[in-house]
There are 2 protein chains.
Amino acid sequence: MRVGVIGVGDVGSAVLELSTEYGHTVTAVADSKSATIEPEGVNVSEVLSTKRTDGVVGSDDPKEALEGPYDVLVECTPTTLDDAEPGFSHAGIALQRDRHVVLANKGPVAERYRDLKELEAESDGTVRFGATVGGAIPIISTIEDFGPDRVTSLRGVLNGTANFILSRMATEGLDYEHVLAETQDLGVAEADPSFDVNGIDAALKGVIIANVLEREENLSLEDAEIEGIENLPGSMLDLAQKDGRTIRLIVEVTDGTVRVGPRLLPKNSDLAPVGTRNAVGIETESAGQLNLSGRGAGGVETASAVLSDIERFSK
Amino acid sequence: MRVGVIGVGDVGSAVLELSTEYGHTVTAVADSKSATIEPEGVNVSEVLSTKRTDGVVGSDDPKEALEGPYDVLVECTPTTLDDAEPGFSHAGIALQRDRHVVLANKGPVAERYRDLKELEAESDGTVRFGATVGGAIPIISTIEDFGPDRVTSLRGVLNGTANFILSRMATEGLDYEHVLAETQDLGVAEADPSFDVNGIDAALKGVIIANVLEREENLSLEDAEIEGIENLPGSMLDLAQKDGRTIRLIVEVTDGTVRVGPRLLPKNSDLAPVGTRNAVGIETESAGQLNLSGRGAGGVETASAVLSDIERFSK
């Protein structure tokens with residue numbers, strides 16, 4: 001497949017590297033200011049090296065990359081809320097050109113699901129977005145394979161940073177502020193970890209799942225009930241521990257509602273992973289509860305979900 | 001899709017029921033002695049009721065069902081070893097007719113993988129067999145989506161009966177013979193549970209996974225190193241427990257080798273599920289370890305994996 005990549009952060013860079021490894025040809029790369037378009041195939045390592053040294057990916061116009069010679073456009077720009085721009089328009093241009101789209105950017109699927117589906121319906125291209133939820137854990141594809149009508153609910157941990165903080169608070173008996181600082185030093189939390197700790201990142205993923213399950217509902221972030229972990233006192237975790245329990249930031253998707261908040265769980269619950277791992281339980285109509293867990297974030301992990309989505313187009 | 005079903009045991013019966021629910025048309029049903037062929041659609045509840053009362057599924061010839069008007073043939077006859085007959089020939093006839101095949105029968109994929117792949121290569125039909133490993137847990141499809149080249153190994157519990165017995169021995173401190181009898185009373189173990197407790201059922205699943213991972217290798221049961229749980233003294237479980245560990249019948253697939261045997265695991269390991277559940281860890285090149293767990297057997301669970309495979313044909 002000829003792959004175009006928009007956005008060259010951690011995920012975009014890893015997508016560029018993995019695409020070549022998987023035998024695809026990268027024909028267009030763009031960040032917000034620059035682009036390289038090469039119908040015969042971009043030299044990926046050169047582009048990544050230029051990005052590191054000069055902060056640009058080439059001398060072409062990013063707008064032209066969207067009109068470039070790709071079969072699949074991979075959208076890896078940062079998630080934005082509300083109108084989900086510019087990610088939404090990037091996906092729209094590719095679909096209008098009858099090309100496939102793979103989203104690593106949560107915005108368009110969480111905030112404008114119906115608009116996106118309408119553009120897809122008019123296009124010969126298809127949108128896939130497995131990478132937006134749970135990194136390499138095949139959550140969306142498992143729901144699709146089962147059939148969304150046969151999944152009754154989903155529950156679990158979908159933010160690795162919040163999970164890491166809660167795991168550390170529980171094992172070390174430390175307070176939120178202390179562990180957060182430590183987490184930033186370790187590079188686990190970003191400089192601005194607001195979306196991770198206030199529950200918005202987890203809620204966006206919950207909304208995406210709800211949109212897949214409900215199809216016609218078109219939920220967005222404002223439909224989710226969200227509570228973060230910023231105000232959770234360390235003493236709550238101590239209390240939980242005395243009862244063989246622990247606390248995790250849990251996403252619950254059921255009957256078209258999305259709720260995110262700290263919840264008590266048995267200490268060894270399958271839905272209380274340790275560290276940055278994610279874990280979900282998918283409740284099915286005929287096959288009971290399926291649990292999936294693994295690395296829910298990270299450039300390479302997310303990129304490998306993008307590549308799985310690309311593989312599904314070629315089948 | 002027009003679905004033909006061969007074999008009307010627990011799995012076949014559930015496939016008949018679910019196929020209708022999923023909107024497919026069942027056009028042919030056969031057990032070993034009888035068949036019903038109906039291009040406009042078999043009356044599934046009538047067939048199942050006749051099977052219960054009279055022990056037959058209709059008045060047609062089972063051989064003709066294989067030549068019937070289906071798009072997908074679902075093979076649910078009992079797993080047989082060595083030449084994997086008659087399941088193998090059933091799949092072969094459908095492929096020669098350029099029809100798709102879904103196997104719930106492990107024999108053809110575990111014992112004659114290369115033969116099956118050769119027939120598939122000459123056919124316009126495709127073979128899928130997600131239901132042969134782990135019931136409704138999407139093990140095969142997750143490996144396929146990742147790309148078999150990017151999965152380095154797999155480890156876990158793939159036999160629910162053995163797992164139930166070991167769980168009970170650990171929690172109740174009872175001996176193997178005692179728990180086995182109890183397990184049969186509960187209907188968890190079959191009247192002849194040999195393949196479950198001697199490791200052969202788990203090894204067949206391991207061989208199927210190895211065939212998917214290695215592609216060219218064509219492993220069969222005789223390539224697996226197998227140890228069962230029949231000779232495991234209850235005292236071993238006590239000993240394990242004193243050290244915070246437990247024992248499970250573990251399948252290990254790595255570098256084209258398949259090993260099955262009792263292994264020590266941390267008591268709360270993700271790969272030591274309780275009761276009849278199955279759990280596997282899939283080690284990937286770029287995305288770390290993915291854990292999947294759920295109900296690994298049962299008519300409806302296995303049938304829902306069959307239906308997921310059928311859905312993949314229609315994409």
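Reader: Which residue of β2(B) is the bridge partner of Gly4(B)?

Author: The bridge partner of Gly4(B) in β2(B) is Ala28(B). The structure is a predicted model, in which local features need pLDDT of at least 70 and side-chain atom pairs count only at pLDDT 80 or more, while totals for chains, interfaces and linings use all residues. Residues are numbered from 1 along each chain as its sequence is written, and chains are lettered from A and ligands numbered from 1 in the order in which they are written.

Reader: How do you know that strand β1 and strand β2 of chain B pair?

Author: Two strands pair if DSSP finds at least two bridges between them. The names themselves follow a rule: strands (E, at least two residues) and helices (H or I, at least four) are DSSP runs, numbered from the N terminus.

Reader: What makes β3 and β6 the edges of the sheet in chain B?

Author: Six strands of chain B form an open sheet in the order β3-β2-β1-β4-β5-β6, with mixed pairing. β3 (35-37) and β6 (127-128) of chain B each have a single partner strand, so one side of each is left without a neighbour in the sheet.

Reader: What does helix α4 of chain B touch in this sheet?

Author: α4(B) (residues 87-96) packs on the sheet and touches β1, β4 (72-75), β5 (100-103) and β6 of chain B. The direction of α4(B) makes about 175° with that of β4(B); such angles run from 0 to 180 degrees between N-to-C directions, the axes being lines fitted to C-alpha atoms, for helices over the stretch in contact. Helix α13 (residues 299-313) of chain B also packs on the sheet, touching β1, β4, β5 and β6 of chain B, and its direction makes about 160° with that of β5(B).

Reader: Turning to chain A, what makes β1, α1 and β2 a unit with a handedness?

Author: β1(A), helix α1 (residues 10-21) of chain A and β2(A) make a right-handed β-α-β unit. A crossover is right-handed if, with the strands pointing away from the viewer, the path from the first strand over the helix to the second runs clockwise. β1(A) and β2(A) run parallel and are joined by five bridges, and Val5(A) stands opposite Val29(A) in β2(A).

Reader: Why is β2 of chain A called largely enclosed?

Author: A residue is buried if 20 or more other C-beta atoms, placed from the backbone, lie within 10 Å of its own, exposed if 12 or fewer, and partly exposed in between. Five of the six residues of β2(A) (residues 25-30) are buried, so this strand is largely enclosed by the rest of the structure. On β3(A) (residues 35-37), the pairing with β2(A) is antiparallel, over three bridges, and Ala28(A) stands opposite Ile37(A).

Reader: How do you know that Asn231 of chain A is exposed or buried?

Author: Asn231(A) has 11 other C-beta atoms within 10 Å, and the limit for exposed is 12 or fewer; Asn231(A) is therefore exposed. This residue lies in the loop between β8 (224-226) and α12 (234-242) of chain A.

Reader: What makes the relation between the two chains that of a particular axis?

Author: A rotation of 180° with 0.0 Å of shift along its axis superposes chain B on chain A, with an RMSD of 0.0 Å. That is the relation of a two-fold axis. In chain B, the C-alpha nearest the axis is that of Leu292(B), 2.3 Å from it. The superposition is by least squares on the C-alpha atoms of residues with pLDDT of at least 70 in both copies.

Reader: How do you know that the copies meet through the same surface?

Author: 96% of the interface residues of chain B are also interface residues in chain A, so the surface is the same. Within it, β12(A) (residues 289-295) and β12(B) pair in the antiparallel sense over three bridges, and Leu292(A) has Leu292(B) as its bridge partner.

Technical notes: Contact = placed C-beta atoms within 7 Å.
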